[in-house]
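Here's a quick briefing to read with the model open in your viewer. Have the residue list handy as you go.

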Amino acid sequence: MINAITIKEVKLQLAALCKQKRQSYELSQEELAEALDLSRYTIQKFENGKNATLDTVLKIANHFNILEKFYNGLKALENQNDISLY
């Protein structure tokens with residue numbers, strides 16, 4: 001049996017990561033939104049696992065200094081599959 005990960009599971013994992021990072025930096029949703037030039041509603045939706053744009057995901061990752069980890073994960077996939085993403 002294949003253990004497939006769903007998009008919803010990934011959204012919820014990203015949401016939990018964002019909330020955990022935001023709280024560890026002692027930021028409110030409003031403060032994070034202002035820092036990223038987004039609305040508080042956008043942050044709220046993201047933290048609830050609702051639809052977010054790729055741009056929002058990357059802005060949040062960059063703000064919390066994890067964008068490089070995302071990039072390295074993509075590069076590892078590229079190397080593992082012997083493909084070029086460019």
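Predicted model: local features only at pLDDT ≥ 70, side-chain atom pairs only at ≥ 80, totals over all residues.

Residues are numbered from 1 along each chain as its sequence is written, and side-chain values use heavy atoms, with hydrogens and water left out. In short, the protein chain comes to 5 helices and 0 strands, and a search of the whole structure turns up 3 salt bridges.

**Overall build**

- Reading from the N terminus, the elements of the protein chain go α-α-α-α-α; helices (H or I, at least four residues) and strands (E, at least two) are DSSP runs, numbered from the N terminus.
- Taken along the principal axes, the box filled by the C-alpha atoms of the protein chain is roughly 40 × 30 × 20 Å.
- Of the 86 residues in the protein chain, 21% count as buried. Buried means under 20% relative accessible area, exposed means over 50%, and partly exposed is in between (1.4 Å probe, protein chains only).
- Take the contacts in the protein chain between residues at least 6 apart in sequence: 46% of them join residues at least 24 apart. A contact here means heavy atoms within 4.5 Å.

**Surface and charge**

- The protein chain exposes about 6,600 Å², and carbon and sulfur atoms supply 54% of that. Accessible areas come from the Shrake-Rupley method with a 1.4 Å probe, and for residues only the protein chains shown count as cover.
- The protein chain has 11 positive and 11 negative charges, and their mean positions are 7 Å apart. Lys and Arg count as positive and Asp and Glu as negative, with His and the chain ends not counted; each charge is placed at NZ of Lys, CZ of Arg, CG of Asp or CD of Glu.
- Leu54, Leu58 and Leu67 make up a nonpolar patch on the surface, with about 250 Å² of accessible area together. Patches are made of residues with over 30% relative accessible area and no salt bridge, where like charges are joined within 9 Å and nonpolar side chains (Val, Leu, Ile, Met, Phe, Trp, Tyr) within 5 Å.
- Leucine 58 counts as partly exposed because its relative accessibility is 33%.

**Salt bridges**

- The term covers a side-chain nitrogen of Lys or Arg within 4 Å of a carboxyl oxygen of Asp or Glu.
- Arginine 22 and glutamate 47 meet through their side chains in a salt bridge, at 2.6 Å from N to O. This pair links distant parts of the chain, with arginine 22 in helix α1 (residues 7–24) and glutamate 47 in helix α3, 25 residues apart.
- Are those two partners buried or exposed? Arginine 22 is buried, at 7% relative accessible area, and glutamate 47 is buried too, at 10%.
- Aspartate 55 pairs with lysine 59 in a salt bridge whose closest N and O atoms are 3.7 Å apart. The two are 4 residues apart in helix α4, so about one helical turn separates them. Aspartate 55 is partly exposed at 48% relative accessibility, as is lysine 59 at 29%.
- Lysine 75 and glutamate 78 form a salt bridge too, with 2.6 Å between the closest N and O atoms. Being 3 residues apart in helix α5, lysine 75 and glutamate 78 are also separated by about one helical turn. Lysine 75 counts as partly exposed at 24% relative accessibility, whereas glutamate 78 is buried at 7% relative accessible area.

**Loops and backbone**

- Aspartate 37 has a phi near 60°, a positive value in a residue other than glycine. You'll find aspartate 37 in the loop between α2 (29–36) and α3 (40–47), and it is exposed at 68% relative accessible area.
- Asparagine 65 also has a positive phi near 60° without being glycine. Its place is the loop between α4 and α5 (67–80), and asparagine 65 counts as exposed at 62% relative accessibility.
- Glutamate 30 and arginine 40 are 10 residues apart in sequence, yet their C-alpha atoms are 4.9 Å apart in space. Glutamate 30 belongs to helix α2 and is partly exposed at 37% relative accessibility.
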